[in-house]
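Please find below my comments on the structure that you asked me to look over. They are set out as numbered points so that each can be checked against the coordinates.

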Amino acid sequence: MGKILQKCKLIVWDECTMAHKKSLEALDRSLQDLRGNTRPFGNALILLAGDFRQTLPVIPRSTPADEINASLKRSALWQHVKTLKLIKNMRVQLQNDRSAEISSNQLLDIGNRKVPVDLTSGKISLPHNFCNLVTSKRELVERVFPDIQTNFKNPNWLSERAILAAKNKDVYQLNNVIQSRIQNETVTYKSVDTVVEVDEAQVHSTIVSKPTHLRMGVSTVHAFERLSKNAGEMGYQQPCCFLKHNIALNLTVDVPKMSLGNSLSLPAPNNLTSSCEKCELTIGFKNLYADM
């Protein structure tokens, strides 16, 4: 990696507005050192792509002032940045979708502070045609996935809809609501099967008081599953995954054998086993079939 950074001429940093300013400053010092050049970033060209109207750096237990102070604009390096603005939404233009254009303009109005703010609450009122409001997670599931009991095996139907959530605990709750409507047997997959030594089991103390709970004997399986559910409620990654036959999985990691990245939908095989031998990949409106 050091040799690549020494020779590269362009570095693209996407979604840079979510990064802490110290990350950019660390890259600057590293490039200067590796390239033997004291100019900013070792005289390499850095392309920063992002939108400051979106999420700023996330700092635990911070105030809005802390987040603003951590943003790239508060870095001494920002004076070297030349700002170029993209003003045309290419996705809307290529699709020629009037509704998508309206939605895009509404988002821009919110980001540009063109929507009136209630002085008493400090909140804005969304336009009447901006979205459809629901009162519960169950109603949201019913709106997005109507009659899922019969449609969950249809990859084209699934590829046209999704629910986004900001927190892990909401994702787990929504998954549980959706899976409860599918009348299939639940199969539990555990991220750890055995722990040879107790010292190897390193789990956050607020979740598990005794690392030996990770020993996957028959008597501790249920305790491990309860740990998984509690971890999800607290926002941690669950050590257990609960699946049902033929449900869709969302792949957010790269599959080395197929060189696939980003987010894909993988309907699970008919017979769930310890490994996935065959599945159907759904990307947008296109389906790919692959052995894994």
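1. Basis of the note. This is a predicted model, in which local features need pLDDT of at least 70 and side-chain atom pairs count only at pLDDT 80 or more, whereas totals for chains, interfaces and linings use all residues. Residues are numbered from 1 along each chain as its sequence is written, and side-chain values use heavy atoms, with hydrogens and water left out.

2. Overall make-up. The chain has 10 helices and eight strands, where helices (H or I, at least four residues) and strands (E, at least two) are DSSP runs numbered from the N terminus. Of its 292 residues, 27% count as buried; buried means under 20% relative accessible area, exposed over 50%, and partly exposed in between, with a 1.4 Å probe and protein chains only. Taking contacts (heavy atoms within 4.5 Å) between residues at least 6 apart in sequence, 50% join residues at least 24 apart.

3. Surface. The accessible surface of the chain is about 21,000 Å², and 52% of this belongs to carbon and sulfur atoms. The areas come from the Shrake-Rupley method with a 1.4 Å probe, and for residues only the protein chains shown count as cover.

4. In one of them, Lys-137 pairs with Asp-170, with the closest N and O atoms 3.6 Å apart. Lys-137 lies in helix H6 (residues 137-144) and Asp-170 in helix H9 (residues 168-180), so this pair ties together parts that are 33 residues apart in sequence. Helix H6 also provides Glu-142, whose partner Arg-181 is in the loop between H9 and strand S3 (186-190), 39 residues apart; here the closest N and O atoms are 2.5 Å apart. Arg-181 is buried at 18% relative accessible area, while Glu-142 is partly exposed at 40% and Lys-137 is partly exposed at 32%.

5. A further salt bridge. Glu-160 and Arg-161 also form a salt bridge, the closest N and O atoms being 3.8 Å apart. Glu-160 is partly exposed at 48% relative accessibility, and Arg-161 is partly exposed at 23%.

6. Aromatic pairs. There are two aromatic pairs, counted for rings of Phe, Tyr and Trp (its six-membered ring) with centres within 6.5 Å, and planes under 30 degrees apart count as stacked, over 60 as edge-to-face and the rest as tilted. Phe-52 and Trp-78 form an edge-to-face pair, at 5.6 Å centre to centre and 85 degrees between the planes. Phe-52 is in the loop between strand S2 (45-49) and helix H3 (64-70), and Trp-78 is in the loop between H3 and helix H4 (90-95), 26 residues apart. Phe-52 is partly exposed at 29% relative accessible area, as is Trp-78 at 21%.

7. A charge at Phe-52. The charged end of Lys-73 sits over the ring of Phe-52, 4.8 Å from its centre; the rule asks for NZ of Lys or CZ of Arg within 6 Å of the ring centre and within 35 degrees of the ring normal.

8. Nonpolar patch. Leu-10, Val-12, Leu-45 and Leu-47 make a nonpolar surface patch of about 390 Å². Patches consist of residues with over 30% relative accessible area and no salt bridge, like charges being joined within 9 Å and nonpolar side chains (Val, Leu, Ile, Met, Phe, Trp, Tyr) within 5 Å. Strand S1 (10-14) and S2 are the elements that give two or more residues to the nonpolar patch. Val-12, which is found in strand S1, is exposed at 53% relative accessible area.

Technical notes. Salt bridge = Lys/Arg side-chain N within 4 Å of Asp/Glu carboxyl O.
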